[in-house]
Each structure stands twice: as structure tokens, then as C-alpha cells.
Amino acid sequence: MDKDKQKTVAIIGAGLVGSLAANIMANRGYRVELFEKRQDIRKMKVAKGRSINLALSNRARVALRIIGLEDEVLKASTPMKGRLIHDVNGNTKSVPYDSINGQCLYSISRNFLNKLLIQEMENKSDIKINFNCKLVDADFTDQKITFLNIEKSEHFSLNPDFVIAADGAHSVIRRVMQHRCKINYSQTFIDHGYIELTLDSNHGHLMVPNHLHIWPRGTFMMIALPNLDGSWTVTLFMPFEKFNALKTSDKLLSFFNTTFPDFLALTTSSQLIKDFFRKQPLPLISVKCEPYHQKRFLLIGDAAHAMVPFYGQGMNAGFEDCSILSNLLDRHCDNVDLVFERFTELRRKDVFAICDLAMYNYEEMRDLVTKTSYRLRKSVDET
Ligand code: FAD
């Protein structure tokens, strides 16, 4: 792109999706100003995040390929060939994701991936990353965005050529759109929350490798995803009222003893108690809105479509937003106004569908995986 005509895109949020979008836009020849309210996660001792690791699918692989990072990410991840279902007696059953072509999901560290995407920007002179800068307002008519520099306690504004908002499920840009524009919006908090437990590498080698483990228990479930160091990140999803009933260590151990005895045998009681009582269970939100654009502003990632995590597709769908955006810019010769309109048209149906599927898949994972499918039952009955 001719430097004099080079357009500036402001990207809000240096999470997974904003960082990927910044790399893609810089590769296309845009000048990128990236704003993140937190400090640089590469300098943080423990970066706060929602889940320690994530299941990465083909949607994300396609997007990472655009910036040449697919192989590096896969090398740092653990393939999961299928689900390993644990019943209440500790019996297990492996259910492959794809027994024909061997496709699988990959478990990747959220921190590693986010840091890698940020590090990748350091090699690009056209990207400026502004940490500790919180977006506080947006004017869609004047194309103006206003920030608070958290360290200096100062406000500042700028007028980029266009804005990509990847500022997460509680997006400020989306909130401003809701107040000032015609945008449809709905959000749902489900009655279930989650806590993360750990199975350290000393005990993790006893788990069957290369699987996403599930302990389905009807109205709730526990899952475990592998980490590269041999440890596992274990997530318990349950109704809040059930969490609230487990007030003491004795009650917790007795609950695990009857509900997840094989897991309790793998870990230590002290580790379980420490993990469980460390934090309150976290809530789960699903957000739908449309359109995703307003003049020269576009919502992507969780800002456009936060979903419950049961389909493991939140980040994957956000990465897919980035590859679709890139394809549309190709197809429409970087005519941004047209591209943003087309993005909304193209994305609406798929995004709504994946939010619904994510909600449905909780029932599938916590309950239906243990049952014979209707079709199979029917064919058995007919023989
Ligand atoms: P975020 O990760 O929320 O990033 C937004 C960024 O914007 C943050 O860095 C934030 O600090 C910054 N920001 C926010 N407001 C402002 C502001 N005003 N100004 C400047 N910066 C701002 N997805 C999968 O694909 N696979 C999985 O296996 C999976 N597992 C999950 C498990 C759990 C328990 C949960 C809760 C989610 C899971 N997800 C999974 C979903 C995934 O975490 C999200 O979809 C993904 O993180 C969305 O990325 P994002 O960049 O859009 O938003």
C-alpha cells in the first residue's frame, strides 16, 4: 500500500481475536493502532484469563494460516482425538471425533497463544500497541474514539479511518452502539457457573492421553483438557445452587467421592480443596446482536457473539471472523464500507446458529453422551 494513502485502523482489545486481527490488517498494508486496557500480558506474572487452555479447531487453524502461525501453534498444542467419557464407577469409553479422516481438536494454552500473537506484532513496524489504554467512548458520525490512559489518568481521542472492536463480551463499543444506533441485542446468563481445578503433571500421566475427558453427570459435568507439561486443566460446570451447597471441605470431598471417584483417586484432597475454595464460581454469558457494523465500526469476536463454552467455539468463531474479514477485503478491493455491510449479512445466520449450538451442547455433553442415540435405538428396535 502506498504510504501516503495508507489507512489507519484502530483495533480495540489485544485479546486473542484483536491480536490476530491486528496482525492480519498490518499484513494487508494498514497502519494499525491497537489499544488494550490491561498491561502487557507478557510482563504479567499470572495473566488473568477465563480458561487456562482452549480447544482449537479448524476454524482457528484457517485464520492462523493467514499470518503463517498455524504450524507454530499446532507444535505447542496437544491433539485431542476424541472424547473420553468417565462413568460414575470410573469406567471409561473413547469416542473418536473423526474415525475416518483422523481430524482432531488441539488443546492450547490461552496465555501462550495470546503472547505469541502479541509477539508477532513486534516484528511489524506498522503496528503500534498501546497498553493501559481503555476505550471509554465512540462517536460513529465523527469517527472518533476516546480513551483513558490508565497510567497517566488522562483522556485522549483519535479519528482513525476505521475501527475494529474486539473488546470482549462486555464490549464498550457495542454498548455505545446499543445506546445510539439501531442494534438488536440480547444477553443470557445461564444458571450454571464454573470453576477450574488442576491435575498436576505428577498425577496427569495416569490419564488416558490425547483426549478431551468428560465426566457427564446429567445436570452437570466436569471436563479436562491436556497441557503440554503433562498437567490437565479440569473444569467443573454446575448449577450455582449446587456450588453453594458445597460449603465445607468435608462436603466437597464427599461429593467428589460419590460423583467423580476416579478423579479423586488421581489427585490429592489438599489440591482439590485449595483449587475449589480459591475463587467463587464464574458466570457464563451468551450474547447475540446484529448488525455487527455501524458506519466504519465493526464488532468481532466475543464483542459480536459471546457464547457459552460448551461447543469450544468462542475463540474459533472469533478467529473465523478475522479470516472472513480478510477474504471480504480481498474480494471487495479493501472497500471497507462495503466489506462491513457484507460482514453483517454473511455472519448473522452462522453466528446465531453457533451460539444456539453452544447452548445445546451443554445438554449433549453433560447428559446425552451417555445415552444411545435415537437413530441407533430405532435401528436396534427394528432388528
Ligand atoms: P477477550 O478474550 O475477552 O479479549 C478482549 C480484550 O479486550 C481483553 O484483552 C480486554 O482486556 C480488552 N478490553 C475490554 N474492554 C476494553 C476497553 N474498553 N478498552 C480497551 N481494551 C478492552 N473458545 C474456544 O474456541 N475454545 C475453547 O475451548 C474455549 N473454552 C472456553 C472456556 C471457558 C471457561 C470460557 C469462559 C470461554 C471459552 N472459550 C473457548 C471462549 C473464548 O475464551 C473466547 O471466545 C475468546 O477469548 C474471545 O476472544 P476475544 O478476543 O473476542 O475477547
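In this predicted model, helix H8 meets helix H10 through Ser249, Leu252, Leu253 and Phe256, which face Ser269, Leu272, Ile273 and Phe276 of H10. By class, the residues of this contact comprise six nonpolar and two polar, with no charged residue among them. H8 spans residues 249-259 and H10 spans residues 269-278, and the two pack at an angle of about 115° with their axes 10 Å apart. Because angles of 65 to 115 degrees count as roughly perpendicular, H8 and H10 are therefore described as roughly perpendicular to each other. Their crossing is right-handed.

On the H12 side the contact is made by Ala317, Asp321, Ile324, Leu325, Leu328 and Leu329, while H13 contributes Val339, Arg342, Phe343, Leu346, Arg347, Val351 and Ile354. The residues of this contact divide into 10 nonpolar and three charged, with no polar residue.

The two pairs are set out below.

| Helix pair | Angle between axes | Distance between axes |
|---|---|---|
| H8 and H10 | about 115° | 10 Å |

The ligand is surrounded by 32 residues, of which the closest are Gly13, Gly15, Gly168, Gly301 and Gly314. The elements that give two or more residues to this shell are helix H1 (16-27), strand S3 (53-56), strand S9 (133-139) and H12. By class, the shell holds 13 nonpolar, 12 polar and seven charged residues.

At the level of the whole chain, the division is into domain 1, made up of 3-80 + 106-187 + 285-368, and domain 2, which covers 190-282. The centres of domain 1 and domain 2, taken over C-alpha atoms, are separated by 30 Å. The contact between the domains takes 14 residues from domain 1 and 18 residues from domain 2. On the side of domain 1 that touches domain 2, at least two residues each are supplied by S3, strand S4 (78-80), strand S7 (105-109) and H13, and S4 gives the most, with three residues. The residues of that side of domain 1 divide into seven nonpolar, five polar and two charged.

Definitions and conventions
Residues are numbered from 1 along each chain as its sequence is written. This is a predicted model: local features need pLDDT of at least 70, side-chain atom pairs count only at pLDDT 80 or more; totals for chains, interfaces and linings use all residues. Two residues are in contact if their C-beta atoms, placed from the backbone, lie within 7 Å. Helices (H or I, at least four residues) and strands (E, at least two) are DSSP runs, numbered from the N terminus. Ala, Val, Leu, Ile, Met, Phe, Trp, Tyr, Cys and Pro count as nonpolar, Asp, Glu, Lys and Arg as charged, and the others, Gly among them, as polar. A residue is near a molecule or strand if its C-beta atom, placed from the backbone, lies within 6 Å of it. Domain bounds come from an automatic or database domain assignment. Axes are lines fitted to C-alpha atoms, for helices over the stretch in contact, and angles run from 0 to 180 degrees between N-to-C directions. Angles under 35 degrees count as roughly parallel, over 145 as roughly antiparallel, 65 to 115 as roughly perpendicular and the rest as oblique. A crossing is left-handed if the near helix is turned anticlockwise from the far one by less than a right angle, and right-handed if clockwise.
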